[in-house]
Amino acid sequence: MQPNAIPPDFLNHAAQMTRRQLFAGSAMGLGSAALASMMAPDLNGAEPQQRFGGLPALPHHAPKAKHVIYLLMNGAPPHVDMFDYKPELEKWRGQEIPESVHQNQRVSTMTQGAKKLAFPAFTGFKQYGKSGAWACDFLPHTASIVDDLCFIKSMHTNAVNHAPGITFFLTGSEMPGRPSMGAWMTYGLGSETQDLPGFVVMTSRDKEATCGQIFYDFYWSSGFLPSKFQGVKFRGAGDPVLYLSNPDGMSREVRRGLLDDLAEFNAEHFAEFGDPEINTRIAQYEMAYRMQASVPDLTDFSTETKAGLEMYGPDVERQGSFAHNCLMARRLVERGVRFVQLFHAGWDHHRNLSTQFEIQCRDTDQPAAALVKDLKQRGLLEDTLVVWGGEFGRTPFIQGNINERTQWGRDHHPYAFTTWMAGGGIKPGITYGKSDDFGFNAVENRVDVHNFQATILNQLGIDHERLTFKFQGRQYRLTDVHGKVIKDILA
Amino acid sequence: MTLRFACGVLCGFWLPLLSVMTAAAAEPPVNFGRDIQPILSENCFHCHGPDAKHREADLRLDSFAGATATGAVKPGKSAESELILRILSADPGEVMPPPKSNLKLTDVQKQLLKRWIDEGGQYTKHWSFIAPVRPAVPMVPATARIQNPIDAFIVARLATENLSQAAEADRVKLLRRVTLDLTGLPPTPEELDAFLADTSADSYEKAVDRLLESRRYGERMVWEWLDAARYADTNGYQGDPTRAMWYWRDWAIEAFNKNMPFDQFTIEQLAGDLLPNPTREQLIATGFHRNHMINGEGGRIAEESRVEYVQDRVETTGTVWMGLTLTCCRCHDHKYDPFSQKEYYQLAAYFNSIDESGANDAGGLANPLLSFALPEQQKKLDELRVVETDANKTRDELDKKVRAAQATWEQEFSQLLAKSGGPEWTVLSVVDTKSETGATLKVLEDGSLLASGTNPSQDSFAITFKSSLASFTGIRLEALPDDSLVNKGPGRADNGNFVLSELKLQLNGQPLELAAIRADFEQGSFPLSATLDGKPETGWAVASEFGRPHTGLYEVRSAPAAAGDGKILCRLEFRSPHVSHVLGRFRLSVTNAPTATFRSIPDKVREALAVASDKRDDAQRKEISEYYVNNEPSLVAAKKVAEDARKNRDGFERSLPRTMVMRERAQPRETFILVKGAYNVPSDKVEHGVLTEILPIPADAPKSRLALAQWLVSPTHPLTARVTVNRFWQQFFGTGLVKSTEDFGIQGDRPSHPELLDWLAVEFRESGWNVKRLVKLIVTSAAYRQSSKIAPGMAERDPENRLLARGPRFRLPSWMIRDQALAVSGLLIDRSGGAPVKGYQPSGVWEDATFGRIQYAQDHGEALYRRSLYTFWRRIAAPTVFFDIANRQNCSVKNDRTNTPLHALVTLNDVTYIEAARGLAQRTLLSSASKDEPSRISEMFRRCTCRQPTAKEADRLGKRLAVLRTTYGQNTDATQKLLAVGESKPDPQLNPAELAAWTGLANLMLNLDEAITKE
């Protein structure tokens, strides 16, 4: 066979393994031997390169981060109850927010026309750490790591409904159909593992199941990029990856034997037909086999210390919980996964702020903080960018009757909200941007969604204007035709 | 090396054959369409193109007039042309394209632009907007294998690359290829034998004719059409209700099988309802444009949805028939192609007068509908409608009467409120207690009950009480704290919570109808009312207000019960999924005070009643009357009757066979340009119209969809025939002659064989849009019949096989891999049409996607073995057994073909594939033709690949079989488990270990690259 007939894709996936790795993956070695013989000789001695796939031109510049963990708080957390402390709201409690502030901007149909009565933070606020960052009393764990976080308090967006809001944050457009951030990144940068998908998605929601939003699969779609860049959703029950397990009655040894023969058949067929797709297929079947071992290994928490597990809180061992997913996220990036997208639903407190908000904080505060601490302890935070935030904020005015505690709520609010980032070359212990005294409008160093995306891409070594894909005659990118890197928050 | 080649291919493709044959020494003149337009379009049109609103510097470069008017282009004088000065400028403020666009011209491109201006700077119309004319078939050497004119074009093109045809594929491969391509299933061993035995010159042609006549032909050909039509079995969006568009799907299969001419196929689907005396089939055909998603979310504005559906139809029509990307014209003029936003809405006018509301207004479907109800079903529906109408009438009349009596009620009610100081509650005394699981229930001094002892995950208490009251109006349930409980309770969960899922009461053996009034505290989505909803998973809970007493009040709605022993049986159920959420301490009391004394009367109503009736403002009057009518028992009952009647009618209507079709309203809607595509921001009114740059429509054409359909298939339309033959070409060769199947516009790819595309388009149209004829032409061409072996170097030189120096080779679509597995295993139930079926699927997929609201109820028996085509397609969670599939959410004319480990996991492990492996093993072991191991191995291998294994291959398989035999011979448990996969039962005659070993071998064969690939 001709060495030059090996397709680039195959080189990316298979040939960068060392011989030892190849043989280690096989009990009987036959299939792997066939595979090894296909590699170009000059590649065998080369330094194993920790990257599989991706565009040759990327990264555009030296990256600060290699991985992203995006904790998307589905339903929109209330910024004035959590981080954006507004004493002024206490003074105005129950009074109408001045028109000079709200300027009659569009709000959701649910509160359109209602009086905008100022409604202060639900619980107490204190300052923490050297940075003196504010956090509410329901967030003791996040409060303990504020010096590792960069708060952006001047976020704003266009969308006022959940699905368009999330789609906007993840794809740069409110309409479904464009690639998700994780798809762009794995398309551009490939992954650092060939044993696991490069873009993994996990979902969770509050135990009380207060909110009915669907996790639409277009949130992690590859859009017009090839479908192999679509996020792989790890399921909250059973096999995390569909069809991962061998059928009942077929052991790993039996499977290995069958795959060894399969590789030989396919290698001989390649010799006759010369189609590079055949080689790719051999490599993909081998990767499937490795995933069958690496995924159970990934989900086996018995290798964690007791203290390590306890750090993530009581739900950590419950598959499908946010705590479980946070620990999984660390284990995924540890294994070289490029982009981990978490969703946690249950923040949509229109009428249940007094009952649900505290629960929601409790369920997410400890795991999210533990994730940052854990990454830091292990030296992984340096090249992992952790992002926390919702699709918009919640109104600083009340939705519902201020005199009926059980009816307290806040509506959707796109004009100002807070997100935080940690690690990945972002300045720790700072607060960037400001909303007005009511938390109504972002007024200082405003950050829009495309700027936010441009900054994340930048940390991964990507110029957001240059990572493009031509579709239907037009060059598309994550940041559409907008976006500016927020230089002030870069370390 | 790769780069140089890539340029060779791209630049070479558009070369007219003539120029190559004459081999002129002088440099040929620049060709605008081939060389210049792509540069201008990619780099300039975004700001200087057809979109007038966003045009910069008033300069347009998409027409000769525009480019010359401003001096950007001075024909013949590149040195004086501003365009050239600007592209050559070194000044970042001057140079075009501007640096911030990230666009950059290469030196070659700059030189081309210069030469083009020096040669006159002429513009020609975009190639695909000029109607095709049948080109002359090129002359080719006599040595070439020419089956039909297709080959002349292919061979001539190969000659320019110094390439020649590949040899013809061997007959086994050829029959497998064409059988899969035309029926989606592999040939049977018998069909193979017959074909190999037929030595006549036209044996292949006869085989093709046989396949074209097979009923499976339509089942195969319809797939790509279903993708294009965004066909699915549910509406999409939240709720995702089921629809019955499979009537349309079956119509489309039949249309392919009947070889309906493509013009008729077009007309019936776009406007079948407007044909004179349309048949039932012609009406079903119009389901094509009802296949889009329907948004039935509660808060949706119907008109907004309706406008979206109209836009979807415009864009789908654009993509499917014309290969145009019209979506951008929703908001503005097209950036590259000469279409205006106005023309988009003129097209929209054709689809804007469907008799639809935009709402999900017909029981899970949206009008207009076609009903297939039998006469007796229709009669029952009519009766249910009468019941519903009557119930509504009764309710409305009562409503009037009740309102008329409001003054009297108000007076009585105010008096009652004034004198009552809250009701008196009598604690019920306990006679007997029982816990379903044996928990201890102890009666305390205050009459409350305390649970202790066994604490199971779920429980149910049955308590018998005695009351001194003969009848009562209200019940009070107190959940009380106790030191013996976690967090002092009141529940027994590990945090002190409880979930009371149901509360049921009987008095004298008669069930009491209760209504929840209020609780002092309700946790999130656990309201008191959930204790009466009959759903065990929901209930009343109080986290995180632990260690405090909580009270739930109920009103008794039943009439006073008949006399009896006065015993009250109370059942408290704790059946939620929340473990041990059982009440720890509680007490029950009753009252016979008027309900008004304990009912939750909103403060606003109290306040309003306190105001003298002539002093009340509108808001106060409204508060009172609304409270009154919503709480008047007779009216509440009448409303319930009316709601039940509606539900009965709705449920029955949904169960009837109905499908969605097109029908025009009596009064057409006016159509407006919508600013940024928003339904509620109309600007100028427009009339029906088409894309005039493509082809004007006769001025006297009727303003109807029928005229639009006829325009699409008119002989002078430049796009429809080209786009259609290109899609079929893509289906057989993997890539279209125009690679961008969805975009024939200026930014789209240029055809690899422009003359061939035009020849085929004209041939197709002039044959009377004869699809089978076109398909036959393609699959009998020498190009198609070539071996698909890739010659050394060709994988790099022509990775996508655009030149067709070999036959097509690519992985089968996932649905076809499944059908093949079923076919070779003998499990396939080869029956056509009908409602979709739910095959094997890992548990929890739908539940995960819908928060448990939609459960996947897998079918059994024959349904599991139907062709993939009939698999139920839930739009928000597509069948997981398929991969690389269109999303069926919007129109798709091109499928991905990727190669990932996740795909390998499906074909290695999915139940269908394991069961098929067992079926294949079983039929081989029972085969009368193969009695010994080598012949069995051969038979099995041949079913999967159509060929015999080589000696080496057979040897490898034999050795593997021996290993498997040992493994399963020693492990009965593994054997039983493997054979138990799938719902069909293994033949009890067969030795289980032997069957398991052969099943493993079959699993290997079904995953061979050769087996899952068309080659």
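Here are some notes on this predicted model, taken point by point.

1. Confidence in chain A. The average pLDDT of chain A is 86, and 88% of its residues reach at least 70. The stretch to treat separately is residues 1-49 of chain A, where pLDDT stays under 50. The model still gives that stretch 74 contacts beyond four places in sequence.

2. Chain B overall. Chain B has 1015 residues, of which 46% count as buried. Its secondary structure comes to 36 helices and 18 strands, and the C-alpha trace spans about 115 × 85 × 65 Å along its principal axes. If you take the contacts in chain B between residues at least 6 apart in sequence, 72% of them join residues at least 24 apart.

3. The contact between the chains. Chain B puts 65 residues into it and chain A puts in 59. On the chain B side, at least two residues come from each of H28 (794-797), H30 (845-849), H31 (901-909), H34 (951-969), H35 (972-979) and H36 (992-1006). H31(B) gives the most to that side, with seven residues. Sorted by class, the side of chain B that touches chain A holds 24 nonpolar, 24 polar and 17 charged residues.

4. A buried helix in chain B. Have a look at H23(B), residues 705-712: six of its eight residues are buried, so the helix is largely enclosed by the rest of the structure. The buried ones are Arg705(B), Leu708(B), Ala709(B), Gln710(B), Trp711(B) and Leu712(B). Their cover includes four helices of chain B, namely H14 (262-271), H16 (302-322), H17 (341-351) and H24 (720-733).

5. A helix pair in chain B. H32(B), residues 911-925, packs against H33(B), residues 933-945, at an angle of about 135°, and the two axes are 10 Å apart. That angle makes H32(B) oblique to H33(B), and the crossing is right-handed. H32(B) makes the contact through Leu920(B), Thr924(B) and Leu925(B), while H33(B) uses Arg936(B), Glu939(B), Met940(B) and Arg943(B). By class, the residues of this contact are three nonpolar, one polar and three charged.

6. Ser204(A). This residue sits in strand E5 (residues 199-205) of chain A. Ser204(A) counts as buried because it has 26 C-beta neighbours inside 10 Å, where 20 or more is the cut-off. Beyond its neighbours within four places in sequence, Ser204(A) is in contact with Gly236(A), Gly320(A), Ser321(A), Phe322(A), Asn325(A) and His344(A). Phe122(A) is 82 residues away from Ser204(A) along the chain, and their C-alpha atoms are separated by 24 Å.

7. Cis peptide bonds in chain B. The bond from Asn367(B) to Pro368(B) is cis, with omega near 0°; Pro368(B) lies in the loop between H17 and strand E1 (369-371) of chain B. Gly489(B) and Pro490(B) are also joined by a cis peptide bond, with omega about 15°. Pro490(B) belongs to the loop between strands E7 (474-479) and E8 (502-507) of chain B.

8. Positive phi at two alanines. Ala76(A) has phi near 80° and lies in the loop between strand E1 (67-74) and helix H5 (79-82) of chain A. For Ala57(B), phi is about 55°, and the residue lies in the loop between helices H4 (45-48) and H5 (64-69) of chain B. Their surroundings are worth checking by eye. Ala76(A) is buried, with 26 other C-beta atoms within 10 Å, whereas Ala57(B) counts as exposed, with 9 C-beta neighbours inside 10 Å.

How values were computed. Residues numbered from 1 in each chain as written. Chains lettered and ligands numbered in written order. Predicted model: local features only at pLDDT ≥ 70, side-chain atom pairs only at ≥ 80, totals over all residues. Buried ≥ 20, exposed ≤ 12 C-beta atoms within 10 Å, placed from the backbone. Contact = placed C-beta atoms within 7 Å. Nonpolar A, V, L, I, M, F, W, Y, C, P; charged D, E, K, R; others polar. pLDDT = per-residue confidence, 0-100. Axes fitted to C-alpha atoms, helices over the stretch in contact; angles between N-to-C directions. Parallel < 35°, antiparallel > 145°, perpendicular 65-115°, else oblique. Left-handed = near helix turned anticlockwise from the far one by under 90°.
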